[in-house]
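Please walk through this structure with me, one chain at a time and then across the interface.

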Amino acid sequence: MTTPLIRFADVSKVYHLESGDFTALDHISLEIMDNEFVAIMGPSGSGKSTMMNQLGILDVPTAGELFIAERNVASLTALERTHMRRDTIGYIFQKFYLIPLLSAYENVEYPLILKYKKRDESGKAADVLKSVGFDEAMSAHRPNQLSGGQQQRVAIARALVNDPKILLCDEPTGNLDRKTGFQIMDILCGLHREGKTVILVTHDPKIAEYADRIITLEDGRITA
Amino acid sequence: MKDIFFDLSVRSVRLNFMRSLLASIGIVIGVVAISSMGMLGTNMQLQVKDQLSSGADTIVITADAVRMGPPGSSSTTSTSAATGITKTQLNKIKLAAGPSSTLVPIYSTSTQFTLASVPGRSTVYGINPDDITKFLTIANGTNIGGVNDALVGSTFATNFNLKIGNRIRIGKDTDASRPVLRIVGILAPRGMSSDNVNTDNAIIVSDDWYTNQYGGKDIYRQVNVIVKNIDTIPDIESVIDAKLNTNKKSPEVRISDASSRLSSITSSLSSITTFILAIGGISLLVAATSIFNVMMMSVNERIQEIGILLSIGTEKGEVRRMFLYEAVILGILGAGVGGIGSLIIGYSVVSYMIGTTKYFFLPASFMYIPIGMVIGLVVCILSGLYPAWKASNMDPIDALRAE
């Protein structure tokens, strides 16, 4: 049996609030294999975002262990976590979160610069932008000059450019109209077929249907 | 290779151009204040040093007791009581100084006079006409020849619009005898001279005329010993001291030279310079606060952007670098413009306040421009440290959530 790419081992996440402790993830155990397409569903406050933060290595569990690409997240140094975010994970947000001061092209080039500490001369950024169907003529535009669909394509290209194993998609179609949303889903499906592990958070059952497996969260627990 | 973080900083500065400009202006003002104040002080010191060192070959000997008021101002009766260098002391000095030195005994007092029915007051020096040219320069006219001849200083001549041949009536309206002096020469400007003989605003008469008018013959206000070789000054001074000040508890004469006066004057001038530099420093402190404020605003406005950068794998150090670059850009802008401003404003201030800019480009003065610029830049970077640290240590999840 192959090792899972992601393994939650009895993971809990508790937030200490003034109003008392809040358990966002409650003893989650879950395995996600390489090249799976998983949708995470659940009502607001069910722990979807917390789970995505754990997967995105933006946060560490309060209890239990989370292994990503065979590494225990909690045992990594801050710098190692930063490098994993850069190299192993591609994060796609609902609000796109492009860097407003950079052009579309530079937004895609940015993770390459982070990794190789120099400007991209290989043409990879341009290739990836093209592969997600982004109009080359728009490369020099700033994010605020692009439509939602165009911004999300740039965001996907940015997530892909360092060739990560895992694509984390947090409501990637939430800010798009239906038609554009399906176009974006087609791109994600294509990436899945090319070998990426895609993890998708969504409210929309139609979107969740694209996935091989649907995980439903409620009150921090997996219910289905 | 261009650093993308530098690019981001440049763009951020450009995006908030007005705000960045205003913060930079603070630095500009600070740099200009420090540089021009420093240069002003230094130019002042250099000028004074220059003027004082023109009399570097002169030892000045005065009576140690302080004379109580000018003897000739009200009546001539008090002169006999006035202290000064006596004939006996003068002879001792002559002996001590040796044949190679030149002695110039000088009488002086303050006097009232009338010039074309306009009353005035000035210092009058009584000097043997043969001695006058040994340390003073006659710019116009001739030396004193006749009994009633006089020389005047350059400022004096300019102020009263005097020409050779004009006459001055000495003394108050109420005085019984009001002799008239004829101006035969005008002295070259002497500035603030090291030997305390400030002739620019004074009248110079012959020693005979002086003692006739004011009495006090052979009691000199001071004796200037002009030495041949300035290296012998300490030796000559110690011989004079040994010969005249036999009673150490109450010395007869006070001996001073340009270097001792120079050091006391320059030390007080340098404390003035330090003080005005401190004032300039305060303006930099204000500038630092405004840079800090702008940097904090920049960080607070870009919280979400910082969240994005951190969440997609930007190292903390890289975020820190981005904000420090921003501080450096503001600093370079401010220091650069401040440097140019210092050159212009410093030059104007020095030329207006000191009257000459011949010391302006000397290293001791000019160095205040780079020093001011570096201080401005350092202040900027220091002000940017905390905001940069704050930005790099944000929690990416919280930062992303910020709107």
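The model is predicted.

Start in chain A. Its open sheet has 4 strands, ordered β2-β1-β4-β5, and the pairing is antiparallel. Helix α1 (residues 48–55) of chain A lies across β1, β2 and β4 of chain A. Its direction makes an angle of about 120° with β1(A).

Now move to chain B and take strand β6 (residues 167–170) of chain B. Its covered face carries Ile168(B) and Ile170(B). Arg167(B) and Arg169(B) make up the uncovered face. β6(B) is joined to β2 (residues 102–115) of chain B by 2 bridges, and the two run antiparallel. Here Ile170(B) is the bridge partner of Phe113(B). β6(B) is also joined to β7 (residues 180–187) of chain B, again antiparallel, by 3 bridges. In that pairing Arg167(B) faces Arg182(B) of β7(B).

Finally, look at where the chains meet. On the chain B side, 18 residues contact 20 residues of chain A. Elements giving two or more residues to this side of chain B are α1 (4–15), α9 (303–311) and α13 (396–401) of chain B. Which element gives the most? It is α1(B), with 5 residues. By class, this side of chain B has 10 nonpolar, 4 polar and 4 charged residues.

Definitions and conventions. Residues are numbered from 1 along each chain as its sequence is written. Chains are lettered from A and ligands numbered from 1 in the order in which they are written. This is a predicted model: local features need pLDDT of at least 70, side-chain atom pairs count only at pLDDT 80 or more; totals for chains, interfaces and linings use all residues. Two residues are in contact if their C-beta atoms, placed from the backbone, lie within 7 Å. Ala, Val, Leu, Ile, Met, Phe, Trp, Tyr, Cys and Pro count as nonpolar, Asp, Glu, Lys and Arg as charged, and the others, Gly among them, as polar. Two strands pair if DSSP finds at least two bridges between them. Axes are lines fitted to C-alpha atoms, for helices over the stretch in contact, and angles run from 0 to 180 degrees between N-to-C directions. A residue is buried if 20 or more other C-beta atoms lie within 10 Å of its own, exposed if 12 or fewer, and partly exposed in between; C-beta atoms are placed from the backbone.
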